[in-house]
Amino acid sequence: MSLLDDFLIRAALAGIGVALAAAPMGCFVVWRRMAYFGDATAHAAILGVALALALDIPVFGGAVAVALVMALTVSTLSGRGYSMDTLLGVLAHSALAFGLVAVSFLTDVRIDLMAYLFGDILAVGHADLAVIWSGALLVLVLLAWRWQALLTATLNPDLAYAGGLDPRREQLILTLALALVVAVAIKVVGVLLIAAMLLIPAAVARPFVRTPEQMAIGASVSAVISVLGGLALSLEYDTPAGPSIVCVAAALFVLSSLFRGIGQRA
Amino acid sequence: MSLISAEKLGVRLGGHEVLSGVDFAIERGEIVTIVGPNGSGKSTFLRALIGAQPLNSGRIVRAHGLRIGYVPQRLHIDPTLPMTVARFLSLPRRRGAADVSRALERVAVPHLEGRQMADLSGGQFQRVLLARALLEAPDLLILDEATQGLDQPGSAAFYRLIEELRQDLGCAVLMVSHELHVVMAASDRVICLNGHVCCQGTPEIVASAPEYRALFGTGTQGALALYRHDHNHSHEGDCDHAHHRHEEEA
């Protein structure tokens, strides 16, 4: 019997895979103030799930495709005279609503909506694990490959241009990475809580770090602790796993904020 | 061949014509200053030169392998982004510790490597921006209102540093400034920009040009007394636009 036959081991591995991809991506979401952007992309994924089920294509593919379309739409529309938070608010919630309506049409497929909204990490199978880790590794490779350029573009687009980079291209790469993170995270925390996995670990790490790299590593550590802690919580008290993970992350955030408060007074 | 040149440059922003028919060139080792009232397209022009601003007409020609060091007007670093000085200087290209420390010494703020960018004073911050530009080993240093927020002795010291750097490194310098008297004293050539090139030449020529006086009024005459000569010169191009309108806005 292989170790991977244990559902709890599979759940932990799936969670760690998502944590390692979401944490550094989340740093960019925080630095570039893209929180709502992450939300919109994640909410659009539910529509992707519905379309994938209707067309009988892999759920992961459908989610990536629709999340990417949403992310590109937002990138394109931004800076065209719309107020960004209104635009994102409209798109995020419309995508979710359309997704939920689309799911209701799928009468011949029995789908557990809750599993997509809040994740179903304890039901992760071998194939899911392979998809999650491939997606997560792809995100990490993308971010590592473009790291210097992404940081420069995040700092200031004109500095990037002067250095011979194209910040619009870097924005596209981030958008693609974000869509991938969303798609791999659906099974683990569900579309409604993906933004939390992006933002909270990065925010937890912030008071303790001095460079972007330290923040990415710190965020990854806090994300992994949240996943393992959440799973333990879920096992002990029979709570839903996805929300439990986010609860642990939120608790870490409170501790980290207290540390920051003490640090500033000292 | 010029380091970089612009031919009949035109830029529209939101339907408004910001730059039109701008011809420009800068040679190796030259210090050129661009002056002009608010909204005259100075920053847009610099952004066009570094490739950050799409053109509506005209073209920009760069010397092959031209290295540009760019110092932006202001740089806001989001407080959520932790950034030490040393890390900042390693963007977009990684730099060795020795290079970083030498660049900081060069701009007279040694030993700042470990400090957070957010904790620097205005003067230190500008010098660190300059150090980052120097690490490119630039042929051309471009500065956009680099002394904004510095007091007068601070900005005077900053411009002295720029002049020293030009001498040591032999790079050309292109800067935009509103501090006419300080900046013009250090320039080989001044370009007066107001959507188009109103006039250009040595500081003396520009300071006495009627187009320049019309843009900046007579209030600056005291500071510019140094440049007041009697000499004849002519301008190219038309200057039939309403200069007095800008005076009222200023």
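Buried residues account for 42% of the 250 residues of chain B, and the model shown in every view below is a predicted one.

View 1. When the contacts in chain B between residues at least 6 apart in sequence are considered, 69% of them join residues that are at least 24 apart.

**View 2. An open sheet of six strands in chain B has mixed pairing.** Read across the sheet, the strands follow the order S5-S6-S7-S3-S8-S9. Strand S5 (68-71) and strand S9 of chain B stand at the edges with a single partner strand each, so one side of each is left without a neighbour in the sheet. From one strand to the next, the twist averages 15°. Helix H1 (residues 42-50) of chain B packs on this sheet, where it touches strand S3 (31-35), S5, strand S6 (140-144), strand S7 (172-176) and S8 of chain B. The direction of this helix makes about 150° with that of S6(B).

**View 3. Strands S8 and S9 of chain B form a hairpin.** Strand S8 (residues 189-193) of chain B runs antiparallel to S9(B), and four bridges join the two. Within this pairing, B:Val190 has B:Gly201 as its bridge partner, while B:Leu193 is partnered by B:Val197. Three residues lie between the two strands, and B:Gly195 in the turn has a positive phi of about 80°. Although S9(B) is an edge strand of its sheet, strand S9 (residues 197-201) of chain B is mostly covered, with four of its five residues buried.

**View 4. A second open sheet in chain B has three strands, paired in the antiparallel sense.** The order of the strands is S2-S1-S4, and the edge strands, each of which pairs on one side only, are strand S2 (16-26) and strand S4 (57-62) of chain B. The twist averages 20° from one strand to the next. Five bridges hold the antiparallel pairing of strand S1 (residues 4-13) of chain B with S4(B), and B:Gly10 stands opposite B:Ser57 in S4(B). The helix H1(B), which also packs on the sheet of View 2, lies across S1, S2 and S4 of chain B and runs at about 120° to S1(B).

**View 5. B:Met83 lies in a loop of chain B.** This residue is found between S5 and helix H2 (85-89) of chain B. B:Met83 counts as buried because it has 21 C-beta neighbours inside 10 Å, and the cut-off for being buried is 20 or more. Leaving aside neighbours within four places in sequence, B:Met83 is in contact with B:Ile77, B:Phe88, B:Gln116 and B:Met117, and also with A:Thr211 and A:Pro212 of the other chain. The C-alpha atoms of B:Met83 and B:Gly114 are separated by 9.3 Å, and these two residues are 31 residues apart along the chain.

**View 6. Chain A and chain B meet in a contact that takes 23 residues from chain A and 19 residues from chain B.** On the side of chain A that touches chain B, the elements giving two or more residues are helix H1 (7-31), helix H7 (147-155), helix H8 (157-162) and helix H11 (212-237) of chain A. Of these, H8(A) gives the most, with six residues. The residues on this side of chain A divide into 14 nonpolar, six polar and three charged.

**View 7. Helices H1 and H9 of chain A cross at roughly 150°.** The axes of H1(A) and helix H9 (residues 167-189) of chain A come within 9 Å, and the crossing is left-handed. Residues making the contact include A:Ala14, A:Gly15, A:Val18 and A:Phe28 of H1(A), together with A:Leu174, A:Val181 and A:Lys187 of H9(A). By class, this contact has 13 nonpolar, two polar and one charged residues.

**View 8. Helices H3 and H4 of chain A pack at an angle of about 160°.** The axes of helix H3 (residues 59-77) and helix H4 (residues 84-105) of chain A are 11 Å apart. This angle makes H3(A) roughly antiparallel to H4(A), and H3(A) passes H4(A) in a right-handed crossing. A:Met70, A:Val74 and A:Leu77 in H3(A) meet A:Leu87, A:Leu88, A:Leu91 and A:Ala95 in H4(A), a contact with seven nonpolar, no polar and no charged residues.

Key
Residues numbered from 1 in each chain as written. Chains lettered and ligands numbered in written order. Predicted model: local features only at pLDDT ≥ 70, side-chain atom pairs only at ≥ 80, totals over all residues. Axes fitted to C-alpha atoms, helices over the stretch in contact; angles between N-to-C directions. Parallel < 35°, antiparallel > 145°, perpendicular 65-115°, else oblique. Left-handed = near helix turned anticlockwise from the far one by under 90°. Contact = placed C-beta atoms within 7 Å. Nonpolar A, V, L, I, M, F, W, Y, C, P; charged D, E, K, R; others polar. Buried ≥ 20, exposed ≤ 12 C-beta atoms within 10 Å, placed from the backbone. Pairing = 2+ DSSP bridges.
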